[in-house]
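Student: Could you walk me through how to read helix packing and a chain contact?
Tutor: Gladly; let us look together.

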Amino acid sequence: MRISLTVNGERREADLWGGESLLALLRDALELPGSKNACEQGECGSCSVLLDGELVCSCLVLAAQADGHAVVTVEGLASGDELHPVQQAFVDAGAVQCGFCTPGLVVAVTDLLVRVPDPSDDEVREALSGNLCRCTGYAKIFDAVRLAAERR
Amino acid sequence: MTVTATRTTLRVGKVGERLLRDDAGPKVKGAFAFSSDLSAPGMLWGDTLRSPHAHARIVSVDISQALALPGVHAVLTHADVPGRKTYGLEFPDQPVLAVDRVRYVGEPVAVVAADHPEQARRALAAIRVEYEPLELVVDMERALEQEPLHPDRPTMGHGYRDDPRPNVVRHIVIRHGDPDTAGEVVVRGDYEVGSQDQAFLGPESGLAIPDGEGGVDIHVATQWIHVDRDQVAPCLALEPERVRIHLAGVGGAFGGREDLSMQIHGALLALHTGRPVKMSYDREESFTGHVHRHPARIWCEHRATRDGRITCVRMRILLDGGAYASSSTAVASNAASFALGPYRVDNALIEATAVYTNNPPCGAMRGFGAVQTCFAAEAQMDRLAAELGIDPVELRLLNALEPGDSLPTGQVIAGSLPTREVIRRAAALPVPVEEPLPRDPLRLPGGAGNTTNGEGVRRGVGFALGFKNICYSEGFDDSCAARVVLREDGTAVVHVASAEVGQGVIGVILQVARTELGTEEVTLAPAETASVGSAGSSSASRMTWMAAGAVRDACRAAVEERERRGDGEVDLERVYRHPRTTPLDPETGQITGERAHVALAVAAMRVVVEVDVELGLSRVVWVGTAQDVGRAVNPLAVEGQIEGGTAQGLGLALMEELVTRDGAILNASFTDYLIPTALDMPPVDVDLVEAPEPDAPYGAKG
């Protein structure tokens, strides 16, 4: 089936199998592998994207459901060589190890800080509880969120 | 995206400085190429048919219907493996594709390649396999009396203790002093530890590309590219040089990528079809596609004097190794060597047995045998403290193992082991004050699931030590090669085949090169088997030590060579080796040389936990830990390792267990296998104890 959608501000079209997820569309057809395939069952958050401004697990959205809608992925956050403030905070706080969860967390934190510019510790923990990280124990990720919030 | 070798140029500080990762930039942008992100023109998708039976004879396999499906380019079985039919990290006892028998649920039986992943999945469903179920061996105690799963006993003849019981992978007995020594006080305990999954987020994945001349390039997430090559090549009936392994981006490892996953399968499909083949496991397949932490049963008896000195310990340890050997022999050795914890014990009898079963294969996971026995040994120390009426921290200080003391294997501790310092520093970390009630349910045991007002919440403080070896042991004396190219313009390129798995070894390599060469203009080349010798594995708490040694030696040699020659490019390779170790005596478990372990490390942890005694829910409020790191090459990265390791330990203690029934994993998903989330992790206060290891480059342990 053919679908058409906006990804990171650009009009994109694809011809794909009807059972394809939005995640597979992004990664395989549109060559945007920044959104990650860690569990593909909506538990780990590593495939997080913004669909019409709403944070979703792209593995749980059918590609066909995104037809006519706007998607922002982790690749759409930086402006050229300049990192998004949340991305820069992750680098500066040492919040990245293997980095597989990082794109999803960056998208989730970006979404959080738009909704809640100065979140409490509990708000941060709850907002990020849908994003699994196996390397960091989250400590430096919390540091990154605080740093990004302070710099806003 | 196509496969391109990414060269990393880092401008980082020197050894001991707090450094940010250079690969963090591409990783936060989603631009870092993990193994599951790779693609190539004309690429096919590979997939694996796995056994639904834990133990069965294969009566027949019919691939004809699968081959006839649209988009399917290959369906391969064991008959298509051109070389050796089996492989293994230490013993080649595992079939590349099952031949006439399957020994665990998830064992690969056939592989397919198709244009689209969905076509590959449909092809798997069209393969007809007839199985005849066999008697299951799924209880680690009963396994020692049942029919052997490997009648040829693959681990026999390797210098281990002779044990005629069926299904023994390795049996170790360590006799130390007089194990019949009595004590005025005796405490006994039986302990059970469940199996843990590494649960790295990046699934097993890779891309195999045929070179058109019969050889193959394999881009894969792994922990040791050279040992992968040495396992893959014989199965493909190829010379090692014709199999080139390239390290692709690794989404976490924790031991789970020491054994092969898709490497041989992808290469078989690529060579058969003449096209690049990508394989990427989904989460359920990942749970069956790698080895796990051994579940264990441990029986202990600790004897002590009335004033708290341990006189004798007797421990029996049983480890379920699952269907294939993997690294079970070494896990059993570590479990036995560190069974007592970091305590001075003059008399002991320790028995450790790893067995084959039809459960999922077990092998390396963070801590590697020392974790299971840590749980038992530390619980015993608390029981002993309670029995004696001594403060648990004081009891640990009283019995602390220090340099000059002996391990139960007879090895005298010659290097650094600041056990008392670590205990004192952890005990001194301030515990947070108790938060009064009422509180936001998020901060009650069970979080938002707690339905009370916290009336049943009780608070406790725990204290425990951890104890482990550094580097490989028992005569498995590996090495690490580093190649340094000094260009005429003053810049340098460093080649090391070490696997960056998230731990930050790329930073360590460049810190050392900058320190030794005195220039910031250092580039790290991609890790690949063709350009430099083996680095050994990113495991066993060894890669920082080994890579630092190799890069240091190669840099110093390169500087000397440049001074000698005056001009021109210098390109040389040096191989670093750690102090030699020797095997344990198979009968007594005692050392046969100066040491069986290269070096040791100790950690202490102080933990505040709240338990709702009415609901049975718990919440870890705070963790304080002091850890002996030798010397922190990059303190930021060391903290990250400790915080992440603490999360995995918390998961094992409170949340994680692979549950099996008749050999099948019942919770092979992140819905059912729970790992700690941002809501589960408490603050972790980390105190780095630096007592440099005399044998280690820059004193670094790890």
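Tutor: A crossing is left-handed if the near helix is turned anticlockwise from the far one by less than a right angle, and right-handed if clockwise. Helices here are DSSP runs (H or I, at least four residues), numbered from the N terminus. The crossing of helix 2 of chain A and helix 3 of chain A is right-handed. This is a predicted model, where local features need pLDDT of at least 70, side-chain atom pairs count only at pLDDT 80 or more, and totals for chains, interfaces and linings use all residues. Residues are numbered from 1 along each chain as its sequence is written, and chains are lettered from A in the order in which they are written.

Student: At what angle do helix 2 of chain A and helix 3 of chain A pack?
Tutor: Two packed helices are described by the angle between their axes and the distance between the axes. Here the angle is about 125°, with the axes of helix 2 and helix 3 of chain A 9 Å apart. Helix 2 of chain A is therefore oblique to helix 3 of chain A.

Student: Which residues in helix 2 of chain A meet helix 3 of chain A?
Tutor: Val86(A), Gln87(A) and Phe90(A) do, and their partners in helix 3 of chain A include Val106(A) and Leu113(A).

Student: How many residues does the contact take from chain A and from chain B?
Tutor: Residues are in contact if their C-beta atoms, placed from the backbone, lie within 7 Å. Chain A gives 46 residues and chain B gives 46 residues. On the chain A side, the largest share, 4 residues, comes from helix 2 of chain A.

Student: What does the model score for ipTM and pTM?
Tutor: The ipTM is 0.99 and the pTM is 0.97.

Definitions and conventions: Contact = placed C-beta atoms within 7 Å. Helix = DSSP H or I, 4+ residues; strand = E, 2+ residues; numbered from the N terminus. Axes fitted to C-alpha atoms, helices over the stretch in contact; angles between N-to-C directions. Parallel < 35°, antiparallel > 145°, perpendicular 65-115°, else oblique.
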